[in-house]
Amino acid sequence: MLEEVMDRMKTRENFLRFYKTLSVAFCIIFLIVGLIFLLLPGKVLIFFNTLSRYVGMPPSPVEGIDLYLILAVAYMYLVSLISFLMFRHPENPHFSLLLANGKTASSFLSLLLFAVHQPYLIFLVNFVVDGLIGLIAWVFYTNLKRIGR
């Protein structure tokens, strides 16, 4: 399946169409997640704590979210903006490079906290989700650099 997707992206037009579609999808998803963080911050952690019980992992603390709420919403705004700029300026590889760095950093920090702090499910899920988004953004960046030459 991955080979099929890669074959379709061999032409510049097909790649840019796919790039723009996924960029706008990222923008919408990041905006929704940011709003969820803003409007229902405790509910997100409670949801993952409920799932944690089913997989035998410790629940994460729900209190003390004020500063982290501000930072999480600001981060989601920033990645939404970067994704929108990816959509608006698909010829510019720097926006995908920024998204790749942000999501990869978030992913690895989540894995580090999972390993050295507490094995919370929310850390593991963020490691996987942001890692996949970061990987996609890195692939976008390298393809944009390749086809831009």
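**View 1. Lys-103 and Asp-130 form a salt bridge between their side chains, 3.1 Å from N to O.** A salt bridge is here a side-chain nitrogen of Lys or Arg within 4 Å of a carboxyl oxygen of Asp or Glu. The pair joins distant parts of the chain, with Lys-103 in helix 5 (residues 93–116) and Asp-130 in helix 6, 27 residues apart. Lys-103 is buried at 2% relative accessible area, and Asp-130 is buried at 4%. Buried means under 20% relative accessible area, exposed over 50% and partly exposed in between (1.4 Å probe, protein chains only). A search of the whole structure finds one salt bridge.

The model is predicted: local features need pLDDT of at least 70, side-chain atom pairs count only at pLDDT 80 or more, and totals for chains, interfaces and linings use all residues. Residues are numbered from 1 along each chain as its sequence is written, and side-chain values use heavy atoms, with hydrogens and water left out.

**View 2. Helix 2 (residues 12–39) meets helix 6 (residues 121–147), their axes coming within 11 Å and crossing at roughly 145 degrees.** Axes are lines fitted to C-alpha atoms, for helices over the stretch in contact, with angles from 0 to 180 degrees between N-to-C directions. Helices are DSSP runs (H or I, at least four residues), numbered from the N terminus. Residues in contact (heavy atoms within 4.5 Å) include Phe-15 and Leu-22 of helix 2 and Ile-133 and Phe-140 of helix 6. The contact residues divide into twelve nonpolar, one polar and one charged. Nonpolar covers Ala, Val, Leu, Ile, Met, Phe, Trp, Tyr, Cys and Pro; charged covers Asp, Glu, Lys and Arg; the others, Gly among them, are polar.

**View 3. Phe-84 lies in helix 4 (residues 66–88).** Phe-84 is partly exposed, at 37% relative accessibility. Phe-84 and Val-24 are 60 residues apart in sequence and 6.0 Å apart in space, C-alpha to C-alpha.

Methods
Helices (H or I, at least four residues) and strands (E, at least two) are DSSP runs, numbered from the N terminus.
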